[in-house]
Amino acid sequence: PVSKDKDALSTVAPYACQRQTPLIHHNSKITDALEILGKAASFQGSEVRSLAFARAASVLKSLPCKLQSIEEAKNLVWCGGHCQTVIQEILEDGVCHEVEVLKNSEQYQCMELLTSIFGVGVRTAERWYNDGVRKLSDLADLHIKLTAEQKAGIEHYTDLKQPVTRDEAERVESLITRALDRFVPGLRITMTGGFRRGKQQGHDVDFLITHPDEEALNGLLEKSVNWMDSQGLLLYHHTKARSHVQTRRRSTHMDGHETCYAIFALPNHDSLKAESGDFTSSGACRWRAVRVDLVVAPYEEYPYALLGWTGSKHFERELRRFSWHEKNLSLNSHGLYNVEKECSIPATSEEEIFVLLGLQYVPPPYRNA
Ligand code: 8DG
Ligand code: MN
Ligand code: MN
């Protein structure tokens with residue numbers, strides 16, 4: 001078994017999209033540590049170092065067994081240098097000193113807190129930190145100027161930091177299905193993101209919406225969002241119009257789909273009982289805030305949008321890197337482009353996109369890279 005394992009370790013494919021990465025894996029102690037280092041690097045503005053840690057963590061997530069020794073790690077792609085010392089420390093001592101120091105540092109904890117607010121990225125968090133913000137109440141005390149999105153994020157902070165359960169995600173699904181159906185029957189509505197990859201909870205619920213008749217999609221998001229708002233189902237929403245994307249150049253992480261970033265007031269299971277009066281505690285909450293992303297894609301772009309919005313983020317990044325560097329093709333969630341011939345390559349399913357890229361199909365539960 002030793003030589004077989006060693007074989008498996010030295011043959012890990014370099015791109016995450018060439019591997020199967022399950023949600024539950026065997027090396028989470030090490031990957032947690034590497035991901036903290038990656039997050040800290042991104043807080044410091046170093047995307048290159050952040051990516052190096054993400055790649056190493058992703059390789060370990062795809063292993064069929066628990067790493068036993070540092071000798072085994074030496075055969076692994078992307079796991080050299082700094083990552084190797086981290087792996088060694090955890091294998092030998094159970095903890096990595098550098099990670100423990102980071103986790104306890106004021107800067108790391110504050111950046112973690114601030115970037116967990118809806119509408120706050122690393123740059124904003126860093127600016128606020130430098131302005132002296134250490135806790136949420138400092139934002140008001142220091143008269144920090146907030147966007148509407150950030151205001152909503154802070155107002156509903158406690159609800160939003162509570163993970164969304166699968167049951168809640170399914171209730172959101174039935175709410176939006178009912179709302180969208182009022183305007184256009186026969187839509188295809190798919191829950192994407194982490195839930196499609198089999199996660200039992202998430203930080204939001206993501207949906208992709210399409211229809212064979214492109215005309216049917218015109219104005220649909222605006223009408224249904226306005227209707228849900230009128231029903232008191234929305235606490236915040238911002239819709240980004242469809243935009244032209246530079247398709248023939250190397251794709252960025254941004255896409256041009258019409259998208260609604262929202263905070264739903266999801267009614268509780270027992271809110272009906274509460275309405276009818278047999279709910280005793282008077283101050284009981286009848287809803288909770290849940291982050292929801294709604295994406296509309298034209299029918300012919302649907303397979304690409306589905307692939308692009310299912311994630312994980314690292315899996316997506318690797319798919320795009322693979323397409324570009326290995327196939328000379330530019331991939332984004334609108335399509336696949338042959339840059340030389342200046343033409344786009346249609347696909348009718350995710351499976352077909354993998355075939356076009358010369359990759360073995362990776363089902364959503366194995367895209368947890
Ligand atoms: P979570 O919510 O359970 O925490 O995890 P997740 O579902 O994997 O993360 P997510 O932040 O909701 O993102 C879901 C996928 O959507 C992920 O692969 C990245 C992708 N995504 C965005 N924004 C954009 C965007 O602007 N364009 C494209 N193409 N994809 C995006 O989050
Ligand atoms: Mn999500
Ligand atoms: Mn999302």
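## Terms and basis of the model

A residue is called buried when its relative accessible area is under 20%, exposed when that area is over 50%, and partly exposed in between, as computed with a 1.4 Å probe on the protein chains only. By this rule, both Asp-206 and Asp-293 are buried.

The structure is a predicted model, in which local features need pLDDT of at least 70 and side-chain atom pairs count only at pLDDT 80 or more, while totals for chains, interfaces and linings use all residues. Residues are numbered from 1 along each chain as its sequence is written, chains are lettered from A and ligands numbered from 1 in the order in which they are written, and side-chain values use heavy atoms, with hydrogens and water left out.

Asp-206 lies in strand β4 (residues 205-210) and Asp-293 in strand β7 (residues 287-296), so the pair ties together parts that are 87 residues apart in sequence. Strands (E, at least two residues) and helices (H or I, at least four) are DSSP runs, numbered from the N terminus.

Asp-204 is buried, as is Asp-206.

## Thr-210 in strand β4

Strand β4 also holds Thr-210, which counts as buried because its relative accessibility is 0%. A polar atom of the Thr-210 side chain lies 2.7 Å from the backbone oxygen of Ala-297, and the side chain of Thr-210 also reaches the backbone nitrogen of Tyr-299, at 3.3 Å. Both are polar contacts, meaning pairs of N or O atoms within 3.5 Å; within protein, one atom must be able to donate a hydrogen and the other to accept it, and residues adjacent in sequence count only if both atoms are side-chain atoms.

Leaving aside residues up to four places away in sequence, Thr-210 touches Leu-187, Arg-188, Leu-217, Ala-297, Pro-298, Tyr-299 and Tyr-302, where contact means heavy atoms within 4.5 Å.

Rolling a probe the size of a water molecule over the atoms shows where empty space is left. A cavity is a set of points, on a 1 Å grid over the protein atoms alone, where a 1.4 Å probe fits but cannot get out, and its lining residues have an atom within 4 Å of a point. Grid points are joined across faces, edges and corners, and a volume is the space filled by probe spheres set on the points. The count comes to one cavity of 30 Å³ or more, and the largest cavity has a volume of about 40 Å³.

Its lining consists of Tyr-304, Leu-307, Gly-308, Glu-316, Leu-319, Arg-320, Leu-331, Asn-332 and Ser-333, with helices α16 (302-310) and α17 (313-327) each supplying at least two residues. By class, this lining has four nonpolar, three polar and two charged residues, where Ala, Val, Leu, Ile, Met, Phe, Trp, Tyr, Cys and Pro count as nonpolar, Asp, Glu, Lys and Arg as charged, and the others, Gly among them, as polar.

## Backbone exceptions

Most residues other than glycine have a negative phi, and most peptide bonds are trans. A cis peptide bond, with omega of about -5 degrees, joins Gly-311 and Ser-312, and Ser-312 is placed in the loop between α16 and α17.

Trp-78, in the loop between α4 (70-73) and α5, has a positive phi near 70 degrees and counts as partly exposed at 35% relative accessibility. His-143, in the loop between α9 (136-141) and α10 (148-155), has a positive phi of about 55 degrees although it is not a glycine, and at 70% relative accessibility His-143 counts as exposed.

Thr-85 is placed in helix α5 (residues 81-93) and counts as partly exposed, at 46% relative accessibility. The side chain of Thr-85 reaches the backbone oxygen of His-82 at 2.6 Å.

Gln-44 is found in the loop between α2 (28-43) and α3 (47-61) and is exposed, with a relative accessible area of 54%. Although Gln-44 and Glu-126 are 82 residues apart along the chain, their C-alpha atoms are separated by 8.6 Å.

Terms used:
1 Å grid on protein atoms, 1.4 Å probe; cavity = no way out; pocket = protein on both sides within 12 Å on 5 of 7 lines; lining within 4 Å.
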